[in-house]
Amino acid sequence: MGDGTATADLEVALEKHRTELTGYCYRMLGSSFEAEDAVQDTLVRAWRSHDKFEGRSSLRSWLYRIATNVCLDMLTAGNKRARPMDLTEATPLARAALAPRPDHTWLEPMPDARVLPTGDDPAEAAVAKESIRLAFMAALQQLPPKQRAVLILREVLAWRASEVAELLETSVASVNSALQRARATLAERAESGAEGAVCDPLDEEQQKLLERYVKAFEGYDMTALTALLHEDAVMTMPPFDLWLRGPADITGFMTTLGASCAGSRLRPVQANGLPGFAHYKPDEEKGGFTPWAVQVLEISDGRITGFHFFLDTQRWFPLFGLPLHLEAEPDEVQQGE
């Protein structure tokens, strides 16, 4: 019976670390599903080899060591996940065509609740949130895997250089060198592209902006939408590599190739430390509304600077715990008759 209790205790002890480990693996891999697989693999390996864990480090440090090795193994294929604007130039509306690329090309969205531990102090929570934003995640993907691990452990998780050196079985000097190179790469990227500044929690102005966005989008009011978009706003739609820049091309796309989204409904979600929406469009066959995209919005200076439509609804909606159908409200049914 003692063994059973020890087993249950170990399960509880390992499970406590799932959310923060998922956040770590997600930053390393850029994929929601690969991150969850990596954490599962980490916990299974820890479970199997727990009798070899000698307690020289904390259980948490040991789990991070296993998780790092799992992620580095997964990254040996050299796959860097990206956003459409990391791969191609913006497409003028006149040449817009929807060409998909394989799933493993793209940086994937992640629900906040799966990667942000609750109960952190506010400063730690803010850093954790900023470090899963799409622009930062895309920048991380440009780093070689070891530099990526060093930067996340040092800058996001605030580990000491000596702790990181021990985890990676290397010297403090090489950790510091890797961190300098990683910071330089991120600084170059930060200069080349403006990233939206989102308050946490959203301030009153940002809340109002989102309310106006929902009204404009659900009403498919392109004049109102244009007023909310930054002049350099970008719109992406993975798995398609097309991306558009500027209100004219974005609203032009929405009224031509995207015209079937008129009459959509939006429901709020929290994704990548940013405001987002589950986007349902009218279901012509069954009535009500069918999933179309998880939208993630970037905001700066009172305007929307980026909105990103992740279209693989069969994967994203269950991940976010979202229903795969919305019924029409009674007044919508009457209007449609």
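How many helices and strands are there in the chain, and how does helix α2 pack against α3 and α9?

Guide: This is a predicted model, in which local features need pLDDT of at least 70 and side-chain atom pairs count only at pLDDT 80 or more, while totals for chains, interfaces and linings use all residues. Residues are numbered from 1 along each chain as its sequence is written, and side-chain values use heavy atoms, with hydrogens and water left out.

The chain has 16 helices and 6 strands, where helices (H or I, at least four residues) and strands (E, at least two) are DSSP runs numbered from the N terminus.

Now to the part you asked about. Two packed helices are described by the angle between their axes and the distance between the axes. Here axes are lines fitted to C-alpha atoms, for helices over the stretch in contact, and angles run from 0 to 180 degrees between N-to-C directions.

Helix α3, which spans residues 32-48, has an axis that comes within 8 Å of the axis of α2, and the two cross at roughly 130°. That makes α2 oblique to α3, since angles under 35 degrees count as roughly parallel, over 145 as roughly antiparallel, 65 to 115 as roughly perpendicular and the rest as oblique. On the α2 side the contact (heavy atoms within 4.5 Å) is made by R18, L21, T22, C25, Y26 and L29, and among its partners in α3 are A35, V39 and L43. By class, this contact has 8 nonpolar, 3 polar and 3 charged residues, with Ala, Val, Leu, Ile, Met, Phe, Trp, Tyr, Cys and Pro counted as nonpolar, Asp, Glu, Lys and Arg as charged, and the others, Gly among them, as polar.

Helix α2 (residues 18-29) also packs with helix α9 (residues 145-156), at an angle of about 140° and with the axes 10 Å apart. That makes α2 oblique to α9, and α2 passes α9 in a right-handed crossing. In this contact Y24, R27 and M28 of α2 meet P145, R148, A149, I152, L153 and V156 of α9, a set with 7 nonpolar, no polar and 2 charged residues.

Key: Left-handed = near helix turned anticlockwise from the far one by under 90°.
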